[in-house]
Amino acid sequence: MMNAKKVNWIFLAMVLLNITLVVLLLVIYPVFQLGIVANLIVSQIIILVPALIGVLAGRENLIEFAGFRKFKISSALMTVLFTFLFMPLVTLINMISMCFVDNAVAAVSGEILDTPFFVIFTLMGILGPMSEELVCRGIVYHGYKRTGTMMQALLLSSMIFALMHMNFNQAAYAFAIGVAMVLLVEATGSIWSSILVHVTFNSQQVCLMYLVDYGEQQLQEAQEALTTDMMILAISVYLVIAAVTTSLAGCVLAWIAKNEKREDNLRAIWKTRKFKKEGKVITVPLLIAIVIVFFVMSLEVLLA
């Protein structure tokens, strides 16, 4: 049966597999010249393979365990609205992180824009979000939920989602996105809601990237041109915008939960913050994985 202990082993396997493949790719890159498409496919394999092996070993019904259930069309439409209302907060967190580390997406934007739009849209806008949601909000969240409290499951699954990106920039806002999508899963009772959010978010980011058509050099020049005063001003403006839109997003979330008759599920998350069930959710494999990921991310910053 899938539980927190197995989830932690899965995450450690993901981290070790990631490092192993990165080293192999660095060795064979001069020969095969692997591009962004191969890297995107490999990154999804790293996420999916350990998680699916864990589910199969636990003899779980993947569809039922991950939460692939129907929810109302009206809730789906409001979920899209929730996504756009939540985006300013994500932008704000991204801007704050850029005061300390480089924008991870900007670093590979040149390779992305040199690839046909349809290919990137399919990989980054649709397939990537679906596989990440299957793993993080499907397998990881529900595995933690079986062992610990809903609050522990929310925080730990969001942390794993953040650390899976293996860089401080994306990890910062990925954690916030992870929390929001767990809340949506509980509000709707379906992982399809978090998939819809993730697909909407990534798809519009890909479309904007191609519409603006900024390459890596242009993005870096634009970032370097930003003075400290300009960045502080931009953060201040987005702080106000995010405060308003995030509050509205919370109202939309409450409406969705009421529409699906799952208000108690959202309340249960907060109610479980002080209670612990039997069984540990934080085990040695998880701690080892966290240490490795922070070492890799810190090394990347130092080398940059």
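Trainee: Which residue lies over the face of phenylalanine 161?

Mentor: Welcome! This is a predicted model, where local features need pLDDT of at least 70, side-chain atom pairs count only at pLDDT 80 or more, and totals for chains, interfaces and linings use all residues. Residues are numbered from 1 along each chain as its sequence is written, and side-chain values use heavy atoms, leaving out hydrogens and water. A charge sits over a ring if NZ of Lys or CZ of Arg is within 6 Å of the ring centre and within 35 degrees of the ring normal. Here, at 4.2 Å from the ring centre, the residue over that face is arginine 137.

Trainee: How many aromatic pairs are there?

Mentor: Rings of Phe, Tyr and Trp (its six-membered ring) pair if their centres lie within 6.5 Å; planes under 30 degrees apart are stacked, over 60 edge-to-face, and the rest tilted. By this rule, the count is five.

Trainee: Is the pair of phenylalanine 117 and tyrosine 210 edge-to-face or stacked?

Mentor: The ring centres of phenylalanine 117 and tyrosine 210 are 5.2 Å apart. Their planes stand at 85°, so the pair is edge-to-face.

Trainee: Is tyrosine 210 buried or exposed?

Mentor: Buried means under 20% relative accessible area, exposed over 50%, and partly exposed in between (1.4 Å probe, protein chains only). Tyrosine 210 has 19% relative accessibility, so this residue counts as buried.

Trainee: What is the pair of phenylalanine 168 and phenylalanine 294 called, stacked or tilted?

Mentor: The centres of these two rings, phenylalanine 168 and phenylalanine 294, are 6.0 Å apart. Their planes are at 55°, so the pair is tilted.
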